[in-house]
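Please read them with the structure open.

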Amino acid sequence: MNSASTPEPIPVEIFDTTLRDGLQVEGVSATVDDKLRIAEQLDHLGVRFIEGGWPGANPKDIEFFARASTELDLGVSTFVAFGSTRRPRGKVDEDQTLQHLLDANTSAVCIVAKSSEYHVTEALKTTLDEGAGMIADSVEFLHGHGRQVLVDMEHFFDGFKDNPEFSFRALEAAVVKGASHVVLCDTNGGSLPHEVEEIVTAVHAHVGNDVTIGIHCHDDTGCAVANSMAAVRGGARHVQGTLNGLGERTGNANLTSIIPNLQLKQHYVCLPEGHMERLTVVSHRIAETLNRAVDPQAPYVGSSAFAHKAGLHVSAIARAKDAYEHVSPDAVGNGTRFVVSEMAGKATIQMKADDLGIDMDGPAVMQVIDELKRLEHEGYHFEAADASFELLMRRSAGWEHDFFRVESMRVITDEVATGAFNTEATVKVWVGPPENMERHVFTAEGNGPVNAIDTALRRAVQRAYPHLANIHLTDYKVRILDGAGATGAVTRVLLSATDGVRDWTTIGVSPNIIEASWRALEESVVYGLLHAPATTSRP
């Protein structure tokens, strides 16, 4: 019998650059407050390093680093300022970028350096001797001022393929002057996993344990996650990336995939004990802060990552939960979800009810199946509207919400003399439990009928249910179901919402687009209040 003890997992540091590289994605911007909240979430997840941005580059980053020094209280992560080496033929003690790094007052700094002969001679228009000198001088200067120095070796893989001698020389320039990490960057994202592993292995053989080797990949070939893992196999013990894979062009290496791939499937540890379960909620909170929803099909953290449609898969899961799940959803803070359509049978509905904690007997299950078939024939599509389906199941089991009761809703749209359109909605509702209901009438204007009725309904019920302030719409989709009907066609409205913790989608179908929107909106509010924290779900 083998009595040898199981070896300890190998630590791999996680360096998150969402606050710098991630914000280079098109259509995403973050305020200083946003960046502070994201940093707090990353610390809550437990990444080793959080790169905050480029101090001194713009007023926003200047304010961010100033506030971070007093407002960020990180318990796990190290806050990092980013910059570059000194300029060609410049002096370190006169270089503004290096001075900004010192002024940021972070314990660690990360500087980008040219490690490709082509980029030194063509982009910097200088010699290879000067290129190596820029790295050595900058690391020595920052290290001499008490900073931990990480060096991002830009275009390393392309440079290594063309001239490995200079790429090794760039590494040596950083290592001998005190760099703690040399990070090999696949800057244009063109490398493939076998190339990355071969080159990292060669670098590891060259530098040994004198420095920590890191990897920084972009996803231009769709291989950023695979390349990062290949680098770890080759000897890298530091992985850079962004949460949810945000980044310019096609994105950066996605840490929400890399972290569980390394920690759950291989013999590495990336996060402190007990922190892996926070991955999904942190992923969604950061996505919500940046107003960029998580891809439903994202591995591990997407809402469909552990979703199963009615059929053989669901039956197999009923017998053995791991039959179609490669890891336990609980391990990453996600959960199993059963997607239901008109093809669902009794077993599927019962499993869905059990999953939601709804007590349903046989007649109630059959009622759900009959109602499901009827509604989907009319144009409903509950695969895409899980929240509406949950409410349907609860009603079939005898539940009716008592948050509010709508007396009437009216929308008026006027075209004024200037050609502009004004939209006004009036909502009359009874709010509160039956024994203590109050009538409220609110009128609100909006930039369209959906916005107007949403605003009016919120004003009518929000005082009784403060949690409604946390709920807002994230997507609104309309589909014409019968094009032959022209302007009288039946429309399907899908409305997505979030409260910052949970995401959900509701549905409405009607020949009247306002009615379809109203049904989806009303159910969205009900679902949000149903799942609100107990302390905020009642007045």
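1. Leaving aside neighbours within four places in sequence, which residues is Glu522 in contact with? The contacts are Phe404 and Val406. Bear in mind that this is a predicted model. Glu522 sits in helix α17, which covers residues 513-530. Is Glu522 buried or exposed? Its relative accessibility is 17%. The cut-off for buried is under 20%, so Glu522 counts as buried.

2. Now the chain as a whole. There are 17 helices and 18 strands. Of the 539 residues, 51% count as buried. Along its principal axes, the C-alpha trace spans about 80 × 75 × 50 Å. Take the contacts with a separation of 6 or more: 68% of them are accounted for by residues 24 or more positions apart.

3. The barrel comes next. Eight strands close it, in the order β2-β3-β4-β5-β6-β7-β8-β9. Their pairing is parallel. From one strand to the next, the twist averages 25 degrees. As background, strands of a sheet pair through backbone hydrogen bonds, either parallel or antiparallel.

4. Asp16 has Gly241 as its bridge partner in β9. β2 also pairs with strand β3 (residues 49-51), in the parallel sense, over two bridges. There, Asp16 stands opposite Ile50 in β3.

5. Asp152 has Val183 as its bridge partner in β7.

6. Helix α3 (residues 96-103) lies across β4 (78-84) and β5 (108-114). Its direction is at about 170 degrees to β4. Helix α9 (residues 224-234) lies across β7, β8 (212-217) and β9 (238-241). Helix α9 runs at about 170 degrees to β8.

7. Next, a helix pair. Two packed helices are described by the angle between their axes and the distance between the axes. For helix α7 (residues 164-175) and helix α8 (residues 193-207), the axes come within 11 Å and cross at roughly 50 degrees. That angle makes α7 oblique to α8. The crossing is right-handed. From α7, Phe168, Leu171 and Glu172 meet Ala202, Val203 and His206 of α8. By class, the residues of this contact divide into four nonpolar, one polar and one charged.

8. A second pair is α14 (residues 362-378) with α15 (residues 386-396). These helices pack at an angle of about 135 degrees, with axes 9 Å apart. Why is the pair called oblique? Angles over 145 degrees count as roughly antiparallel and 65 to 115 as roughly perpendicular, with the rest between them oblique, so α14 is oblique to α15. The crossing of α14 and α15 is right-handed. On the α14 side the contact has Ala364, Gln367, Val368, Glu371, Leu372 and Leu375. On the α15 side it has Phe389, Leu392, Met393 and Ser396. The contact of α14 with α15 has seven nonpolar, two polar and one charged residues.

9. Helix α10 (residues 255-265) is mostly covered. How many of its eleven residues are buried? Eight are. They are Leu255, Thr256, Ser257, Ile258, Ile259, Pro260, Asn261 and Leu262. These buried residues pack against β2 (13-16), α9, β9, β10 (268-269) and α11 (279-289).

10. Last, Asn252, in the loop between β9 and α10. With a relative accessible area of 3%, Asn252 is buried. Leaving aside neighbours within four places in sequence, Asn252 is in contact with Thr17, Asp21, His216, Cys217, His218, Asp219 and Ala224, and also with Thr242, Gly245, Leu246 and Gly247.

Terms used: Residues numbered from 1 in each chain as written. Predicted model: local features only at pLDDT ≥ 70, side-chain atom pairs only at ≥ 80, totals over all residues. Heavy atoms only, no water. Helix = DSSP H or I, 4+ residues; strand = E, 2+ residues; numbered from the N terminus. Buried < 20%, exposed > 50% of the residue type's maximum accessible area, 1.4 Å probe, protein only. Contact = heavy atoms within 4.5 Å. Pairing = 2+ DSSP bridges. Axes fitted to C-alpha atoms, helices over the stretch in contact; angles between N-to-C directions. Parallel < 35°, antiparallel > 145°, perpendicular 65-115°, else oblique. Left-handed = near helix turned anticlockwise from the far one by under 90°. Nonpolar A, V, L, I, M, F, W, Y, C, P; charged D, E, K, R; others polar.
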